[in-house]
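Me: Hi! Could you walk me through this model before I start working with it?

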Amino acid sequence: MRDAKVYNFKRALPRMSWHPHNLYNLWRRSFGPLQKITDRVEYKETLNWRRWTAKSLLRGYHGDYINEKIFKRWYLPDNLPDVRPPAALSVDANASLNKWALKGNAAEMAVKRAEEEKRKGLAPVGSLMFSEVERRIDVIIFRSCFAHSVYDARRMIVHGNVLLNGKKHINPNTRLAPGDMVSVDPAAIQFLKERPGSEKGELTEVDEDASEITAEAAEAEDPSQEALEDSAAPETVDGSDSLEAEATAEKPKRSHSRKIPSAVPTVGSDLTPFYLPAYASPFIFIPAYLELSFATCSVIYLRHPTARPGYSEIPTPWDADGEIVRLTWEWYSKRRMRIRSKSQLARMPENRQ
């Protein structure tokens with residue numbers, strides 16, 4: 001797997017990965033110094049150059065390890081679904097006909113439906129050009145949070161750590177069908193393994209400032225403790241000053257750091273222990289078309305991803321209906337590969353429909 005330089009800071013292409021460098025590149029593209037280049041505020045380049053740039057940004061995230069020729073031949077859809085409701089195309093004609101037929105309520109309801117559809121807008125179907133990529137078994141494992149990156153997911157499949165419907169599966173190019181169940185060996189999942197040098201129920205240190213604040217708060221909450229100690233202490237005798245000085249010298253100094261139980265579940269806990277890497281929280285989410293079980297380390301592919309007005313089920317770092325997606329579709333609509341011979345069909349990646 002040639003993924004050594006996929007997090008290159010110069011290119012700054014977001015990938016399917018939890019790596020901190022990938023999160024930094026995503027920040028640079030979204031809010032950092034490369035945001036202006038990504039948004040294309042000033043169109044000084046040609047239209048064809050902007051389409052190619054948008055294509056490279058999207059393909060860097062969606063299946064960058066898939067050859068461009070293979071992607072265009074087997075994963076790119078012939079067309080995008082028409083999201084316009086059929087009734088909305090003839091609203092004006094039906095409304096005038098209903099008014100002439102003295103059906104004012106029906107005319108008003110048709111106008112209200114048309115206004116509601118216009119307010120919601122159209123579904124962002126541009127992102128559905130990658131729906132076939134999302135069906136791949138390696139992408140499903142990454143979306144299920146069983147792997148830190150899609151590259152690790154491919155390694156898990158090739159090494160025989162994945163079961164498809166109860167049978168060992170070693171082909172990462174397989175596209176799943178609704179109802180397929182994928183199971184992963186728990187020993188191969190990185191964040192279920194203990195970190196080196198850590199134990200369950202291990203005590204973690206709190207830094208000095210936090211411990212001092214906690215100690216002061218405890219003393220302030222229980223002011224009577226000092227009074228009880230003073231009343232229980234015996235009366236001092238002569239020479240008590242020297243004895244107190246010796247006791248103070250012999251008494252070890254209290255450490256400024258105290259230990260508290262960590263968030264890792266104990267041995268008898270029913271919770272699944274997670275040892276997530278740093279900066280993983282932005283990527284911990286499960287798409288709506290997956291049914292996941294961490295207790296059994298398995299996931300069921302429920303249905304194909306779809307899009308609704310204002311929402312796309314395909315996770316992407318870019319706007320699902322933005323300019324980058326539109327320019328990418330314009331690029332591929334002029335450069336798709338439509339001819340598939342018998343020899344090419346024999347080399348088609350496994351598709352379970």
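Reply: Happy to; we can go through confidence, backbone, strands, cysteines and salt bridges.

Me: Great. What kind of model is it, and what gets counted?

Reply: This is a predicted model, where local features need pLDDT of at least 70, side-chain atom pairs count only at pLDDT 80 or more, and totals for chains, interfaces and linings use all residues. Residues are numbered from 1 along each chain as its sequence is written, and side-chain values use heavy atoms, with hydrogens and water left out.

Me: What does the protein average in pLDDT?

Reply: The average is 75, and 65% of the residues score at least 70. pLDDT is the predictor's confidence in each residue, from 0 to 100.

Me: And where does pLDDT stay under 50?

Reply: One such stretch is residues 199–240, with 34 contacts beyond four places in sequence. Another is residues 242–263, with 25 contacts beyond four places in sequence. A contact here means heavy atoms within 4.5 Å.

Me: Switching to the backbone: what is the phi of Ala12?

Reply: Phi of Ala12 is near 55 degrees, a positive value in a residue other than glycine. Ala12 sits in the segment before helix H1 (20–30). Helices (H or I, at least four residues) and strands (E, at least two) are DSSP runs, numbered from the N terminus.

Me: Is Ala12 buried or exposed?

Reply: Ala12 counts as buried because its relative accessibility is 0%. Buried means under 20% relative accessible area, exposed over 50%, and partly exposed in between, using a 1.4 Å probe and protein chains only.

Me: What about Asn165, which also has a positive phi?

Reply: Asn165 is not a glycine either, and its phi is about 55 degrees. Asn165 is found in the loop between strand S1 (162–164) and strand S2 (167–168). With 36% relative accessibility, Asn165 is partly exposed.

Me: Since you mention S1, in which sense do S1 and S3 pair?

Reply: S1 pairs with strand S3 (residues 181–184) in the antiparallel sense, over three bridges. Leu163 stands opposite Ser183 in S3. Two strands pair if DSSP finds at least two bridges between them.

Me: And how many bridges are there between S3 and S7?

Reply: Three, again antiparallel, with strand S7 covering residues 298–301. In that pairing Met181 stands opposite Ile300.

Me: New topic: how many disulfides are there?

Reply: The count comes to zero, taking a disulfide as a pair of cysteine sulfur atoms within 2.5 Å. Cys145 is buried at 3% relative accessibility, and Cys297 is buried with a relative accessible area of 3%.

Me: OK, how many salt bridges?

Reply: There are 12, a salt bridge being a side-chain nitrogen of Lys or Arg within 4 Å of a carboxyl oxygen of Asp or Glu. One of them joins Glu132 and Arg135 at 2.9 Å, N to O. Arg135 is buried at 4% relative accessibility. Glu132, Arg135 and Arg175 are linked in a network of salt bridges.

Me: Which residue does Asp138 form a salt bridge with?

Reply: Its partner is Arg136, with the closest N and O atoms 3.0 Å apart. Asp138 is buried at 0% relative accessibility, and Arg136 is buried at 1% relative accessible area.

Me: Last one: what about Glu313 and Arg303?

Reply: Their side chains meet in a salt bridge at 2.7 Å, N to O. Glu313 lies in the loop between strand S9 (311–312) and helix H13 (323–333), and Arg303 in the loop between S7 and strand S8 (307–308), so the pair ties together parts that are 10 residues apart in sequence. Glu313 is buried at 3% relative accessibility, whereas Arg303 is partly exposed at 32%.
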